[in-house]
Amino acid sequence: MFDSQAFRRALGNFATGITVITTTTPEGENVGLTANSFNSVSLDPPLILWSLDKRSNNLDAFNQASHFAVNILAADQMDLSNQFARPSDDKFAGVNFRAGIGGAAVLADCAAVFECSVHQFVDAGDHIILIGKVEQFEAEGRAPLCYHQGGYSIVMPYSRLAAESSEPTAPNGESKIPGRLDTNLYYLMLQAMRSYQADYLPLQMSSGLQTSEARMLMILTEHQSLDAKQLVDAVAMPEQDVRLAVEVLERKGLISEENGIYSISVQGHEKSDSLWHLASEEQDRVFAKFSDEEIATFSKVLKGLIN
Ligand SMILES: Cc1cc2nc3c(=O)[nH]c(=O)nc-3n(C[C@H](O)[C@H](O)[C@H](O)COP(=O)(O)O)c2cc1C
């Protein structure tokens, strides 16, 4: 038997951006949905693709569409992603947009928008692939909203320099970070995060849970019990992934649901304690070379930067 849930989870290892794809019905009504299946196809002619679940309420609208717009969401548009991932009569309520080519909605403040005419439909299993010819595009270059292992993420730039030298300080105590980067606090914070994550994430994964499942369990321990909406807000994951993660955690006996309220089981508390323990052990290991006073100042600076 092919395990399609495991397949879906495996696909989640391919980190993507998130788009909201819009079109209009023949009656001129705006429709749209959240999709991460977007990809580039051809430069000349300029073609892109995405795939639409045949169960979508908007299948007919897209089948009849002459145009659609691919709105690439920016990092601060998580609420839009959630809004368009939920079937609703009025997905556009409160959304700032204008009518683009063929009437397809162009949402405000996205990272980029590709306005397309329909080039080709390809029937593919339980989805249809829509290939669009890009007629017009705008790229604002805003930081994108990303999707990885069922959760929302943001991009962290990679630095070859820091990746190659795990020790940024030479034996003589001099910094190996060149030039102005050495005093650029943003660069230093990014590199510090990258090093921390590289060691910590494999530890967290060794729990047998995905990052997003582990995050959900740890958050539930802090709150004791939450309803579905509070859970979605607290874990920064799309609703459908919250549902899937809940299924996994329920199956493992770590959480339970009663009358729409999720709470953590005894086993869940144990698992969560072990995850928190891993987190604090790793923190102790990483910060062992600093004094309590230095750590307290560091913590104060970090909290002062968060807004
Ligand atoms: C991150 C994310 C990516 C998604 N990607 C797709 C996709 O590529 N294609 C698709 O058909 N649905 C995708 N969905 C699911 C739809 O957004 C969701 O089923 C939506 O309710 C469909 O709305 P509709 O039935 O009103 O069209 C995705 C959802 C999320 C949260």
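**Notes on the model**

1. Starting with the overall make-up, the protein has 10 helices and 15 strands. Please keep in mind that this is a predicted model.

2. On dimensions, the C-alpha trace spans about 65 × 55 × 40 Å along its principal axes. Of the 307 residues in the protein, 25% are buried. Among contacts with a separation of 6 or more, 63% join residues 24 or more positions apart.

3. Next, the core. The largest nonpolar core contains 51 residues, and Phe68, Val70 and Leu73 have the most contacts inside it. Helix α8, residues 239–251, gives the most to this core, with five residues. As general background, nonpolar side chains in soluble globular proteins tend to be buried together.

4. Leu73 deserves a look of its own. Which residues does Leu73 touch, leaving aside those up to four places away in sequence? They are Ile18, Thr19, Val20, Leu80, Ser81, Cys110, Ala111, Pro144 and Leu145.

5. Now to the ligand. There are 19 residues around the ligand, and Ala35, Ser37, Asp53, Ser56 and Pro238 come nearest. By class, this shell has nine nonpolar, eight polar and two charged residues.

6. Which strand gives the most to the shell around the ligand? That is β5, with four residues. Both β3 (30–35) and β5 (47–53) supply at least two residues of the shell.

Methods. Residues are numbered from 1 along each chain as its sequence is written. This is a predicted model: local features need pLDDT of at least 70, side-chain atom pairs count only at pLDDT 80 or more; totals for chains, interfaces and linings use all residues. A residue is near a molecule or strand if its C-beta atom, placed from the backbone, lies within 6 Å of it. Ala, Val, Leu, Ile, Met, Phe, Trp, Tyr, Cys and Pro count as nonpolar, Asp, Glu, Lys and Arg as charged, and the others, Gly among them, as polar. A residue is buried if 20 or more other C-beta atoms lie within 10 Å of its own, exposed if 12 or fewer, and partly exposed in between; C-beta atoms are placed from the backbone. Two residues are in contact if their C-beta atoms, placed from the backbone, lie within 7 Å. A nonpolar core is a set of buried Ala, Val, Leu, Ile, Met, Phe, Trp, Tyr and Cys residues joined through C-beta atoms within 7 Å.
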